[in-house]
Amino acid sequence: MAANSSSTISKPSNSTGGKQSGPSAEQVGLYNEAFSNFVQSNVVAAFQRMRSEQRNMASKAAELEMEINEHSLVIETLKDVDPTRKCFRLVGGVLVERTVKEVLPALESNKEQISKIVESINTQMQLKGRELTEYREKYNIRLVGEGEDGQGKSSASSNGGEGGGSKGGAGVLVS
């Protein structure tokens, strides 16, 4: 046994036309399976990261929408109040005394700025949604609980009714 192992080590360097020993078919299969699992886990991780980013955007947009609603309520309340009346406003954690005449324009300005930010976030969410759809189609990703009917409906709605995408068994299942 020791003689065989030393002769196989010296064969590749001494003989040019001899049979060289390489990885067995079983080893190649194991390497391919490991590589496939590695790629699949990276695809799933990237998909989940994109979904998380989209959820964070949606959460931030909802939070800002609530702020817009609060601003609207305060603005509507202050419109009917005497402009010289005292008004208190929280600025950076400090309560500041102002008049309604001073606070109302600032509130309206803030509301407009928040509205622009919400529009921007909504645009980014739409782009992220398209990116997610393209990624799902590229790697044939199916979500847990989404059967063949569910995938057909989602791909038909995202493609505008076009039939497309691979229907092979090489898809990725994401929980």
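Colleague: Where is the place of Asn-140 in the chain?

Modeller: Asn-140 sits in the loop between H3 and strand S3 (141-143). Keep in mind that this is a predicted model.

Colleague: Let me step back to the fold. How many helices and strands are there in the chain?

Modeller: The chain has 4 helices and 4 strands. Along the sequence they follow the pattern α-α-β-β-α-β-α-β.

Colleague: What share of the 175 residues counts as buried?

Modeller: The buried share is 22% of the 175 residues. Contact range is another thing to read. Take contacts between residues at least 6 apart in sequence: 70% of these join residues at least 24 apart.

Colleague: Now the helix pair. At what angle do H2 and H3 pack?

Modeller: Helix H2 covers residues 25-79, and helix H3 covers residues 100-139. They pack at an angle of about 160°, and their axes are 8 Å apart. Angles over 145 degrees count as roughly antiparallel, so H2 is roughly antiparallel to H3.

Colleague: Is the crossing left-handed or right-handed?

Modeller: Left-handed, as H2 passes H3. Sorted by class, the contact of H2 with H3 holds 24 nonpolar, 9 polar and 11 charged residues.

Colleague: How do I read a nonpolar core?

Modeller: Start with the general idea. In soluble globular proteins, nonpolar side chains tend to be buried together. Then the case here. The largest nonpolar core has 8 residues in all. They are Met-57, Ala-61, Leu-64, Ile-68, Ile-114, Val-118, Ile-121 and Met-125. H2 and H3 are the elements that give two or more residues to this core.

Colleague: Which residues does Ala-61 touch?

Modeller: Leave out residues up to four places away in sequence. Ala-61 then touches Val-118, Ile-121 and Asn-122. Val-118 and Ile-121 are listed among the residues of the largest nonpolar core.

Colleague: Which helix holds His-71?

Modeller: His-71 lies in helix H2. Its relative accessibility is 14%, so His-71 counts as buried. Not counting residues up to four places away in sequence, His-71 touches Leu-107, Asn-110, Lys-111 and Ile-114. Ile-114 also belongs to the largest nonpolar core.

Colleague: And on the strand side, where is Arg-98 found?

Modeller: Arg-98 is in strand S2, residues 94-99. Its relative accessible area is 41%, so Arg-98 is partly exposed.

Colleague: Which residues is Arg-98 in contact with?

Modeller: Set aside neighbours within four places in sequence. Arg-98 is in contact with Arg-85, Lys-86, Cys-87 and Val-103. Look at Cys-87. Arg-98 and Cys-87 are 11 residues apart along the chain, and their C-alpha atoms are separated by 5.1 Å.

Technical notes: Residues are numbered from 1 along each chain as its sequence is written. This is a predicted model: local features need pLDDT of at least 70, side-chain atom pairs count only at pLDDT 80 or more; totals for chains, interfaces and linings use all residues. Side-chain values use heavy atoms; hydrogens and water are left out. Axes are lines fitted to C-alpha atoms, for helices over the stretch in contact, and angles run from 0 to 180 degrees between N-to-C directions. Angles under 35 degrees count as roughly parallel, over 145 as roughly antiparallel, 65 to 115 as roughly perpendicular and the rest as oblique. A crossing is left-handed if the near helix is turned anticlockwise from the far one by less than a right angle, and right-handed if clockwise. Ala, Val, Leu, Ile, Met, Phe, Trp, Tyr, Cys and Pro count as nonpolar, Asp, Glu, Lys and Arg as charged, and the others, Gly among them, as polar. A nonpolar core is a set of buried Ala, Val, Leu, Ile, Met, Phe, Trp, Tyr and Cys residues joined through side-chain atoms within 4.5 Å. Buried means under 20% relative accessible area, exposed over 50%, partly exposed in between (1.4 Å probe, protein chains only). Contact means heavy atoms within 4.5 Å.
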